[in-house]
Amino acid sequence: MPPPLARVFVSSTWLDLQPEREAVEAAILRLHETKYVGMEYFGSRDETTQRASLDELDRSEVYVGIIAGRYGSGITEDEYHRARERDLPCFIYFKADNTVPSQWREADPATSARLDALKKKLRRNHTASEFRNPDDLAAKVTADLHRWLVEEVLEPKLAQGARGEVPRAETEQLLAAIKDLGTVNQKLIAKLRSRASSSRRAGAASLRRASLAAPS
């Protein structure tokens, strides 16, 4: 199986959003072109939780932030700032306020104020989506990542392949990694297939010439 095209770092508080994280992980795995990166798989490390998170974020290509009623320890905000520093595409999702249980709301006024400030910052910097349950969130994440993959990753790379700017083997590997070719610009696909066919014909002709030139 071809390697994933993008590692997707999923950032959120932990205790209150486990069902949502599980739904998003399943959605990312179903896309095939993406790999889920989250705290569930960091394992035992010498460094702090924050350091481990930022290290994994530095190896990722996309940031997904899920915000509900808790601010937590502040690691989620630190992860967001690192994603911005690295100029990663950021997809932000807010849990609808009337669906957040009272036990998962910040009780401390100072921590609640930090959460409010973070939400304002996210809304100012991004077009955020609102979700009501894990399935709703998974559907929104799937749609956003799929659109980003096609527009920002797949089509630019396929265009390079159609122009002959990357090796044919690399282009074929990319095509094999794409789950749904129907969403990709079909003119690019046609050009790639034509180029691959021409390459195969040229290779076959070269072999025939070499065979004829060989001493009997």
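Val-10 touches Arg-21, Val-24, Ile-28, Tyr-36, Val-37, Gly-38, Val-64 and Ile-66, leaving aside residues up to four places away in sequence; contact here means heavy atoms within 4.5 Å. The model is predicted, with local features requiring pLDDT of at least 70 and side-chain atom pairs pLDDT 80 or more, while totals for chains, interfaces and linings use all residues. Residues are numbered from 1 along each chain as its sequence is written, and side-chain values use heavy atoms, without hydrogens or water. The protein chain averages a pLDDT (the predictor's confidence in each residue, from 0 to 100) of 83, and 74% of the residues score at least 70.

Val-10 also belongs to the largest nonpolar core, where, of 23 residues, Val-10, Ile-66 and Leu-145 touch the most other members. Such a core is a set of buried Ala, Val, Leu, Ile, Met, Phe, Trp, Tyr and Cys residues joined through side-chain atoms within 4.5 Å, buried meaning under 20% relative accessible area with a 1.4 Å probe, protein chains only. Helix H5 (134-162) gives the most to this core, with 8 residues. A second, separate core of 17 residues includes Leu-57, Leu-88, Ile-92 and Leu-118.

Leu-57 is also one of the buried residues of helix H2 (residues 49-58), together with Ala-52, Ser-53, Leu-54 and Glu-56. Helices (H or I, at least four residues) and strands (E, at least two) are DSSP runs, numbered from the N terminus. The cover over these H2 residues includes strands E1 (6-11), E2 (34-37) and E3 (62-67) and helix H3 (75-85).

Notes. Buried < 20%, exposed > 50% of the residue type's maximum accessible area, 1.4 Å probe, protein only.
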